[in-house]
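Student: Could we go through this structure together, starting with the strands and ending with the pocket?
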Amino acid sequence: MSPYDPAMREALAEAALAPLHGDVPVGAVLLAADGTVLARAHNDREGSGDPTAHAEVLVLRAAAAVTGSWRLSGCTLVVTLEPCTMCAGAAVLARVGRVVYGAVDLKAGAAGSLWDVLRDRRLNSRPEVVSGVLEQECGQVLRAFFAEHRPLG
């Protein structure tokens, strides 16, 4: 059991809202340094028509609005799927202290799978990365969604 399991369960609950408007079930929460939830979000590309409306970007925007600052130093981003390059870049630019994710994304992951934006030494901020939190549950949500929306054969 990880200390991030409760936050990941909240992210999974957020992810469950995305398919209601036809989007991939990815959810995110942003934790303050003391562990309280600052913001929650889920993918909303289909609902909003915005290609940048990934759960991570939306939760960073919401947390910045709550705190009144774009600098989210000391915060932890918890997301059900390994962030893509856009989302990893946004986390770096927001100065997030830690990124915790569940399922690995071998096709677009930028936290160590395909790329490693979060640990790139050339960048001025490098959050700690914690992977595999509730990985099976996070992966199952995605597999079930794609089995229904992109059946084989």
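This is a predicted model: local features need pLDDT of at least 70, side-chain atom pairs count only at pLDDT 80 or more; totals for chains, interfaces and linings use all residues.

Student: Let us begin with β1. Why is strand β1 described as largely enclosed?
Tutor: Strand β1 spans residues 27–31, and five of its five residues are buried, so the rest of the structure largely encloses it.

Student: Which residues sit on each side of β1?
Tutor: Gly27, Val29 and Leu31 are on one side, while Ala28 and Leu30 are on the other; all are buried, so both faces of β1 are covered. As background, side chains in a regular strand alternate between the two faces of the sheet.

Student: In what sense does β1 pair with β2, parallel or antiparallel?
Tutor: The pairing of β1 with strand β2 (residues 37–42) is antiparallel and has five bridges. Within it, Ala28 is opposite Ala41 of β2.

Student: Staying with β3, how many of its residues are buried?
Tutor: Six of the six residues of β3 are buried, and the strand is described as mostly covered. Val79 belongs to this strand.

Student: Why does Val79 count as buried?
Tutor: Its relative accessibility is 0%, and Val79 counts as buried because the cut-off is under 20%.

Student: How far is Val79 from Leu31?
Tutor: Their C-alpha atoms are separated by 11 Å, and the two residues are 48 residues apart along the chain.

Student: On the other pairing of β3, how many bridges join it to β4?
Tutor: Five bridges join β3 (residues 76–81) to β4, and these two strands run parallel. The chain passes from β3 through helix α4 (residues 85–93) to β4, a β-α-β crossover that is right-handed.

Student: Which residues face each other there?
Tutor: Val79 has Tyr101 as its bridge partner in β4, and Leu77 is opposite Val99 in β4.

Student: What about β4 itself, and which strand lies across its other pairing?
Tutor: Five of the six residues of β4 (residues 98–103) are buried. β4 also pairs with strand β5 (residues 128–130), in the parallel sense and over three bridges. In that pairing, Val100 has Val130 of β5 as its bridge partner.

Student: Changing topic: what is the volume of the largest pocket?
Tutor: The volume of the largest pocket is about 700 Å³. It is lined by 23 residues, and those closest to its centre are Leu81, Val104, Asp105, Leu142 and Phe146.

Student: Which element gives the most to the lining of that pocket?
Tutor: Helix α5 (residues 135–149) gives the most, with six residues.

Student: How does the lining divide by residue class?
Tutor: Eleven of the lining residues are nonpolar, four are polar and eight are charged.

Student: How many aromatic pairs are there in the model?
Tutor: The count is one aromatic pair. Phe145 and Phe146 form it in an edge-to-face arrangement, 5.2 Å centre to centre and with 80° between the planes.

Student: Why is Asp23 classed as buried?
Tutor: The relative accessibility of Asp23 is 1%, so Asp23 counts as buried.

Student: And how far apart are Asp23 and Gly139?
Tutor: Asp23 and Gly139 are 16 Å apart in space, C-alpha to C-alpha, and 116 residues apart in sequence.

Definitions and conventions. Residues are numbered from 1 along each chain as its sequence is written. Side-chain values use heavy atoms; hydrogens and water are left out. Buried means under 20% relative accessible area, exposed over 50%, partly exposed in between (1.4 Å probe, protein chains only). Helices (H or I, at least four residues) and strands (E, at least two) are DSSP runs, numbered from the N terminus. Two strands pair if DSSP finds at least two bridges between them. A crossover is right-handed if, with the strands pointing away from the viewer, the path from the first strand over the helix to the second runs clockwise. On a 1 Å grid over the protein atoms alone, a cavity is a set of points where a 1.4 Å probe fits but cannot get out, and a pocket is an open set with protein on both sides within 12 Å along at least five of seven lines; lining residues have an atom within 4 Å of a point. Grid points are joined across faces, edges and corners, and a volume is the space filled by probe spheres set on the points. Ala, Val, Leu, Ile, Met, Phe, Trp, Tyr, Cys and Pro count as nonpolar, Asp, Glu, Lys and Arg as charged, and the others, Gly among them, as polar. Rings of Phe, Tyr and Trp (its six-membered ring) pair if their centres lie within 6.5 Å; planes under 30 degrees apart count as stacked, over 60 as edge-to-face and the rest as tilted.
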